[in-house]
Amino acid sequence: MEPEAEVGRGTAITPETSWTTDEELWEDDDGGDYAGWFCVRTDPFPCPAPGCDFVADFMTAAHLVLVWEERDDPNLLWHAQRAKEVGRNPRIVAYAPAFGPSASYYAWEAAGRPVHAVQGKSLPPKR
């Protein structure tokens, strides 16, 4: 049995997940222009996938900036609160295409919430 690692800021806990290395990242099929929608900017944090050097400045899924149409969307606020709880200093800002490729939170959710290089990962239930 391995000793338990200390959990702290920037630590990802992924019970019962398997990592893959050869995959294509998920894309938002809508391909919509989300300029003016809202996203959660954070302090930079690395992708948890082994060997991936992607560093995010926004809440992302499969390296896409997650966006919400309404600034007070309950899911946006819930995710911002979770980012605050783990020390990522979240700020809700209007999305601009210069931030990088984006995806609607609801399209991502409908696609099964894919995460880069992780199979079988599920997010905690919404409150």
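**Figure 1. Arg113 in the loop between helix 2 and strand 8 of the predicted model.** In this predicted model, Arg113 is placed in the loop that leads from helix 2 to strand 8 (118-119). Its phi is positive, near 55°, in a residue other than glycine. Most residues other than glycine have a negative phi. Arg113 counts as partly exposed because its relative accessibility is 24%.

**Figure 2. Ala62 in the loop between strand 4 and strand 5.** Ala62 occupies the loop that links strand 4 to strand 5. Ala62 is not a glycine, yet its phi is positive, near 50°. With a relative accessibility of 6%, Ala62 counts as buried, because the limit for that class is under 20%.

Figure 3. Strands of a sheet pair through backbone hydrogen bonds, either parallel or antiparallel. Strand 7 spans residues 102-104 and contains Ser104. Ser104 counts as buried, because its relative accessibility is 8%. The side chain of Ser104 reaches the backbone nitrogen of Tyr106 at 3.2 Å.

**Figure 4. Strand 2 and its two antiparallel partners.** Strand 2 (residues 38-46) runs antiparallel to strand 6, and four bridges join the two. Within this pairing, Cys39 stands opposite Val93 in strand 6. Strand 2 also pairs with strand 3 (residues 55-58), again in the antiparallel sense, over three bridges. Here Pro46 is the residue opposite Val55 in strand 3.

**Figure 5. Helix 1, its start and its cover.** Helix 1 has 12 residues, and the distance from its first C-alpha to its last is 16 Å, close to the 16 Å expected at 1.5 Å a residue. At the start of the helix, a side-chain oxygen of Asp73 comes to within 2.7 Å of the backbone nitrogen of Asn75. The buried residues in helix 1 are Asn75, Leu76, Trp78, His79, Ala80 and Ala83. Strand 2, strand 6 and helix 2 are included in what covers these buried residues of helix 1.

**Figure 6. The largest nonpolar core.** This core has 11 residues in all: Phe38, Val40, Met59, Ala61, Leu66, Trp68, Leu76, Ala80, Ala83, Tyr105 and Trp108. Two or more residues each come from strand 2, helix 1 (74-85) and helix 2 (105-110). Helix 1 gives the largest share, three residues. Beyond four places in sequence, Ala80 touches Val40, Met59 and Pro90. Another core, of six residues, lies apart from this one and has Tyr34, Cys39, Val67 and Tyr95 among its members. In soluble globular proteins, nonpolar side chains tend to be buried together.

**Figure 7. Two glycines in loops on either side of strand 6.** Gly87 lies in the loop between helix 1 and strand 6. Gly87 follows helix 1 and has a positive phi, near 80°. Because its relative accessibility is 29%, Gly87 counts as partly exposed. The C-alpha atoms of Gly87 and Thr42 are separated by 9.1 Å, although these residues are 45 residues apart along the chain. Gly100 is found in the loop between strand 6 and strand 7. Gly100 is buried, because its relative accessible area is 19% and the cut-off for buried is under 20%. Between Gly100 and Phe58, 42 residues apart in sequence, the C-alpha to C-alpha distance is 9.7 Å.

**Figure 8. Confidence along the model.** The protein averages a pLDDT of 78, and 66% of the residues score at least 70.

Key: Residues are numbered from 1 along each chain as its sequence is written. Side-chain values use heavy atoms; hydrogens and water are left out. pLDDT is the predictor's confidence in each residue, from 0 to 100. Two strands pair if DSSP finds at least two bridges between them. A nonpolar core is a set of buried Ala, Val, Leu, Ile, Met, Phe, Trp, Tyr and Cys residues joined through side-chain atoms within 4.5 Å. Buried means under 20% relative accessible area, exposed over 50%, partly exposed in between (1.4 Å probe, protein chains only). Contact means heavy atoms within 4.5 Å. A polar contact is a pair of N or O atoms within 3.5 Å; within protein, one must be able to donate a hydrogen and the other to accept it, and residues adjacent in sequence count only if both atoms are side-chain atoms. The expected span of a helix is 1.5 Å times one less than its number of residues.
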